[in-house]
Amino acid sequence: MPICKVETDSAIHADFPFCSERCRERDLGNWASEKYVVSDPIFDEEEINGSDRKTIVLDLDKPNDSEN
């Protein structure tokens, strides 16, 4: 939903997911002024490094590679 809370439709609004260019620019301005921020990680990296958890690395260039 855009900043103005108007419902949008990709088939109707050329600026989808925004209702207009004005809303798109206001949203960009909010990111630039740090009004919006990405949250902190929900875990501590040191907690993961000291645990028995395993990491799986996927090679996205090989879509049929299921053994990794």
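**Reading burial and contacts in a predicted chain**

Among contacts in the chain between residues at least 6 apart in sequence, 6% join residues at least 24 apart.

Student: What kind of model is this, and how many helices and strands are there in the chain?

Tutor: This is a predicted model, and the chain in it has 2 helices and 0 strands.

Student: How much of the chain counts as buried?

Tutor: Of its 68 residues, 9% count as buried, while the chain exposes about 6,600 Å², with carbon and sulfur atoms supplying 50% of that area.

Student: Is Asn30 buried or exposed?

Tutor: A residue is called buried when its relative accessible area is under 20%. Asn30 has a relative accessible area of 12%, and therefore it is buried; its place is in helix 1, which covers residues 21-32.

Student: Which residues is Asn30 in contact with, leaving aside its neighbours within four places in sequence?

Tutor: With those neighbours set aside, Asn30 is in contact with Ile3, Lys35 and Tyr36.

Student: Is Leu60 buried or exposed, and where is its place in the chain?

Tutor: A residue counts as exposed when its relative accessible area is over 50%. Leu60 stands at 75% relative accessibility, so it counts as exposed, and its place is in the segment that comes after helix 2 (45-49).

Student: Which residues make the nonpolar surface patch?

Tutor: Leu60 makes it together with Ile56 and Leu58, and the area of this nonpolar surface patch is about 390 Å².

Terms used: Residues are numbered from 1 along each chain as its sequence is written. This is a predicted model: local features need pLDDT of at least 70, side-chain atom pairs count only at pLDDT 80 or more; totals for chains, interfaces and linings use all residues. Side-chain values use heavy atoms; hydrogens and water are left out. Helices (H or I, at least four residues) and strands (E, at least two) are DSSP runs, numbered from the N terminus. Buried means under 20% relative accessible area, exposed over 50%, partly exposed in between (1.4 Å probe, protein chains only). Contact means heavy atoms within 4.5 Å. Patches are made of residues with over 30% relative accessible area and no salt bridge: like charges are joined within 9 Å, nonpolar side chains (Val, Leu, Ile, Met, Phe, Trp, Tyr) within 5 Å. Accessible areas come from the Shrake-Rupley method with a 1.4 Å probe; for residues, only the protein chains shown count as cover. A salt bridge is a side-chain nitrogen of Lys or Arg within 4 Å of a carboxyl oxygen of Asp or Glu.
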